[in-house]
Amino acid sequence: MGRTYLVEEGIGQYLTELSMKVKPYVTGLLIGQCSPQRDYVIRAVRTPPKEQQQEESVGPPKLASLDEEWITTHASQVSRMLPGGLLVLGVFMIATPELAKDGQNALRKHRVVCRTYDVQDPKSSAKPADWKYQSALTASWVALGCTVNVNIHIPLLATSPNHDLEKNTKNGLNRWSKQIEDSVFLINGQIKDEDTELLEGQKKLRGNTQPSSQFSDVKVLTQLCQGSSPRSTATVQVCSGSINLRGAVKCRAYIHSNKPKVKEAIQALKRDIINTLSDRCEILFEDLILNEGPQKKYFGREYHVLPQRLFVPVAGSNVMLSDYKFGDEAPGEIQERFVEMLDQPVQAEDMHIAEDISTVDICPVTDSPTDTQQAQLTKATLLLKLQQNMGLVVAAAVAVLASIFSFNYFSD
């Protein structure tokens with residue numbers, strides 16, 4: 001028996017409409033959620049056409065001309081618009097019978113066949129999958145939401161030959177993400193065992209056959225001390241600048257309603273917390289490179305505003321999709337992006353900005369140090385290391401003396 005996929009009923013109609021327009025094939029993404037028992041497919045999104053695609057289509061069509069890089073780019077952009085718990089599950093292809101044979105796909109008219117492939121094994125064969133349609137698939141899914149206050153200080157080392165702001169920011173976010181992974185999550189004010197069911201203790205009303213949406217408010221408690229060891233060491237480094245991320249970010253995650261575990265819900269929300277801040281920084285740096293060039297140096301203090309997150313409801317579903325908006329972006333630009341990326345028209349009044357602005361503060365960064373400055377920095381670094389080593393030596397000496405004293409005391 002193959003993997004089971006529960007599919008939103010409207011996807012069948014969407015794929016049928018695409019098959020009517022196929023010339024000669026169309027590709028797209030399958031969006032949904034994985035669970036230990038089965039997978040859920042809640043949306044199918046066709047790959048947006050490239051502008052030069054029609055001009056280049058000369059001669060008989062072949063699947064060899066499939067633009068894998070364009071499909072991958074689309075998947076990356078769509079991933080940014082998905083809240084926690086949702087991901088790109090895979091790709092779909094609708095092709096004419098002639099091309100279907102070339103691609104070794106069992107696509108037939110008025111028939112949908114689903115196969116799974118092991119992408120890590122190029123020699124693996126297609127395995128059958130059970131593709132089941134279900135109406136109102138996500139209407140009763142559980143939503144989780146939280147607000148996370150962010151105050152991240154990322155130092156820029158003076159000894160570094162180049163101040164790569166994007167690289168340093170990613171490194172700082174990686175350290176912060178570990179802190180999020182170790183945080184304590186209160187669900188509706190309670191700490192729940194990860195192996196228990198998320199909806200345990202919630203009773204259904206008698207006679208209520210209509211699916212109802214459920215929302216859980218989550219508080220994130222960040223631990224002050226990281227790591228399991230009570231002892232820690234401090235490192236002193238010479239820095240010539242810093243990056244500071246400040247603000248409060250709204251995060252959401254969705255989980256299926258088929259006896260979900262607490263650990264599934266928490267993990268989905270953790271992914272959204274980490275991804276939303278990382279995605280905003282990537283979008284900001286992409287915008288700076290586009291407008292100011294990749295070689296810009298930061299000599300003075302600069303403030304930048306991270307894009308704000310907005311949420312858009314999906315008709316007939318408890319799930320909301322998201323996007324990011326700069327302050328100078330018009331609603332029309334957001335609407336165009338939803339149509340291009342998710343093939344979904346959005347009304348301006350349905351776009352809800354969920355939070356206040358968050359900022360990136362880039363403190364002054366000196367240019368590459370001269371030989372004299374480099375020598376001074378090296379000397380200062382050596383002095384700091386010497387002080388640290390002296391502190392360790394003194395601490396070790398005190399520990400040894402304490403041990404000797406303790407030994408003599410008990411010997412007497």
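**Entry 1: a three-stranded sheet**

I began with an open sheet of 3 strands, ordered β13-β12-β14, with antiparallel pairing. I took pairing to need at least two DSSP bridges between two strands. Helices (H or I, at least four residues) and strands (E, at least two) are DSSP runs, numbered from the N terminus.

Before going on, I noted that this is a predicted model, in which local features need pLDDT of at least 70 and side-chain atom pairs count only at pLDDT 80 or more, while totals for chains, interfaces and linings use all residues. I also noted that residues are numbered from 1 along each chain as its sequence is written, and that side-chain values use heavy atoms, with hydrogens and water left out.

Back at the sheet, I found β13 (320–325) and β14 at the edges, each pairing on one side only. β12 (residues 308–313) pairs with β14 in the antiparallel sense over 2 bridges. I looked up the partner of Phe311 and found His352 in β14. Helix α7 packs on this sheet and touches β12 and β13; contact here means heavy atoms within 4.5 Å. The direction of α7 makes about 125 degrees with that of β13. For such angles, axes are lines fitted to C-alpha atoms, for helices over the stretch in contact, and the values run from 0 to 180 degrees between N-to-C directions.

Is β15 mostly covered or mostly open? I found 4 of its 5 residues buried, so I wrote it down as mostly covered. Buried means under 20% relative accessible area, exposed over 50%, and partly exposed in between (1.4 Å probe, protein chains only).

β15 pairs with β10 through 4 bridges, and the two run antiparallel. Here Asn244 has Asp361 in β15 as its bridge partner. β15 also pairs with β11 (residues 302–306), antiparallel over 5 bridges. In β15, Val360 stands opposite His304.

**Entry 2: the nonpolar cores**

Next I looked up the nonpolar cores, meaning sets of buried Ala, Val, Leu, Ile, Met, Phe, Trp, Tyr and Cys residues joined through side-chain atoms within 4.5 Å. The largest has 42 residues, and Val148, Trp176 and Ile273 have the most contacts inside it. Elements giving two or more residues to this core are β7 (142–157), α5 (165–181), β8 (184–187), β9 (214–221), β10 (239–255), α6 (262–292) and β15 (358–362).

Which element gives the largest share of this core? I found that α6 does, with 13 residues.

I then listed what Trp176 touches, leaving out residues up to four places away in sequence: Val148, Val150, Ile152, Ile273, Ile274 and Leu277. There is a second, separate core of 29 residues, and among its members are Tyr40, Ile42, Leu82 and Phe338.

**Entry 3: cysteines**

How many disulfides does a search of the whole structure find? I got 0, with a disulfide defined as a pair of cysteine sulfur atoms within 2.5 Å.

I checked Cys146, which is in no disulfide; the nearest cysteine sulfur, in Cys251, is 4.5 Å away.

**Entry 4: salt bridges**

My search of the whole structure gave 16 salt bridges. Each is a side-chain nitrogen of Lys or Arg within 4 Å of a carboxyl oxygen of Asp or Glu.

I opened Arg46 and Asp343, whose closest N and O atoms are 3.7 Å apart. This pair links distant parts of the chain, 297 residues apart: Arg46 lies in β3 (residues 39–46), and Asp343 in the loop between α7 (331–342) and β14 (352–353). Arg46 is buried at 16% relative accessible area, whereas Asp343 is partly exposed at 26%.

Glu181 in α5 came up in two entries of my list. With Lys270 of α6, 89 residues apart, Glu181 forms a salt bridge with 3.7 Å between the closest N and O atoms. With Arg271, also placed in α6 and 90 residues apart from Glu181, the N to O value is 2.2 Å. For burial, I noted Lys270 as buried at 8%, Glu181 as partly exposed at 27% and Arg271 as partly exposed at 32%.

Last, I found Arg80, Glu282 and Glu286 linked in a network of salt bridges.
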